[in-house]
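Please view the sequence and the structure before reading the points below.

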Amino acid sequence: MTNNSLTYYFSGLIVAVFVLFFFQLVKLIFLYMSIAKANKSENILESTGKTPLKWILAKYENSINIQVGNVKKTNVPASEFFSEFSACKAHNVNLRMLDAASGTLVGLGLLGTFLGLTLGIEGFDSSNTENIQNSINNLLSGMGTAFYTSLFGMTLSIIFTFIDKVFRNKLSKQLFMLNERLDEMYYIDDNNVNALNQERIANLLFNNLKHEMEKQTSSMIVKTEETAHRIQEKIVYTNNEGQVTTIGNAIREILSENTEQTKALKSFSTDLAIELNNGFDESLSRQMQQKILPLMENVDNTTKAIIEHIDKMAEV
């Protein structure tokens, strides 16, 4: 194998490897462009669903299950789903190949260099002066060819690394923007989730307690009305004039009549005491008054107390 043929062989090999790696880089560029387009859309979820990230989006949407008011939230940051690794995996971008591309291209160039030097030294003939001169010329020619493959490999490595770093940086920025927008719309931290759960439990307990109290109150009102109706049926009567009246009013009427009778009795006892005072001696008259008048006062006081008690019962 001549040095020129070796150079062509390794140059072709380096180009083939470069194309293989560059194909992965092209997929990375398309991934960046699709995410950048999604970030410009107002409906971030719908636009992301049209990108290679749709299967990641499906998992993210399943995590949006915390009801907060009229919307749903998630306590998982979007970056847990939309990372550079997961995004590249979704678009079949082999990050390991991209990471190994630069070193592989340089390594192939150096391999061509050392192989060319090895072949040049192997054909060195030092038997005579003329052969030595020819061997040195062949060695120098082979070294030039060998170093050419290294230069070619390093050049392609630099070009590839530059493009890879530029678009990886752009991809990271677009993913960061995507995660920020999703977190702004749907993320809620654990502290707020705990506070929300506590509020929800408190509202549930309050509503249950309120419902139970309303139920008990309604039941008590119905029972009270039924009891009052039954009592009303039992404590009313029809008087001599055909009017329906309550027992309290009836007792009050009876006691009023009793009061009038008591007053008449008191007046009669007073008149009787005066007549006794005129008919008996002073000592006996005084004794009669001392016994009869306190008795009538006791009857009067008892009547007043009964009337007041009946009034209180009627008010209740």
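Is Phe 18 buried or exposed? Phe 18 is buried, with a relative accessible area of 15%; buried means under 20% relative accessible area, exposed over 50%, and partly exposed in between (1.4 Å probe, protein chains only). This is a predicted model, in which local features need pLDDT of at least 70 and side-chain atom pairs count only at pLDDT 80 or more, while totals for chains, interfaces and linings use all residues. Residues are numbered from 1 along each chain as its sequence is written, and side-chain values use heavy atoms, leaving out hydrogens and water.

**Aromatic rings**
- Rings of Phe, Tyr and Trp (its six-membered ring) pair if their centres lie within 6.5 Å; planes under 30 degrees apart count as stacked, over 60 as edge-to-face and the rest as tilted.
- By this rule there are six aromatic pairs.
- One of them is the stacked pair of Phe 18 and Phe 22, at 5.7 Å centre to centre with 25 degrees between the planes.
- Phe 22 is partly exposed, with a relative accessible area of 28%.
- Phe 18 and Phe 22 are four residues apart in helix α1 (residues 3-39), which means that about one helical turn separates them.
- One aromatic cluster is formed by Phe 18, Phe 21, Phe 22 and Phe 160.

**Helix α3**
- Helices are DSSP runs (H or I, at least four residues), numbered from the N terminus.
- In α3 (residues 54-63), the residues Ile 56, Leu 57, Tyr 60 and Ser 63 are buried.
- These residues lie on the same side of α3 because they cover an arc of only 110 degrees around the axis, taken from the directions from the helix axis to the C-beta atoms.
- The exposed residues Lys 54 and Asn 62 are on the face of α3 turned away from its buried side.

Conventions: Helices (H or I, at least four residues) and strands (E, at least two) are DSSP runs, numbered from the N terminus.
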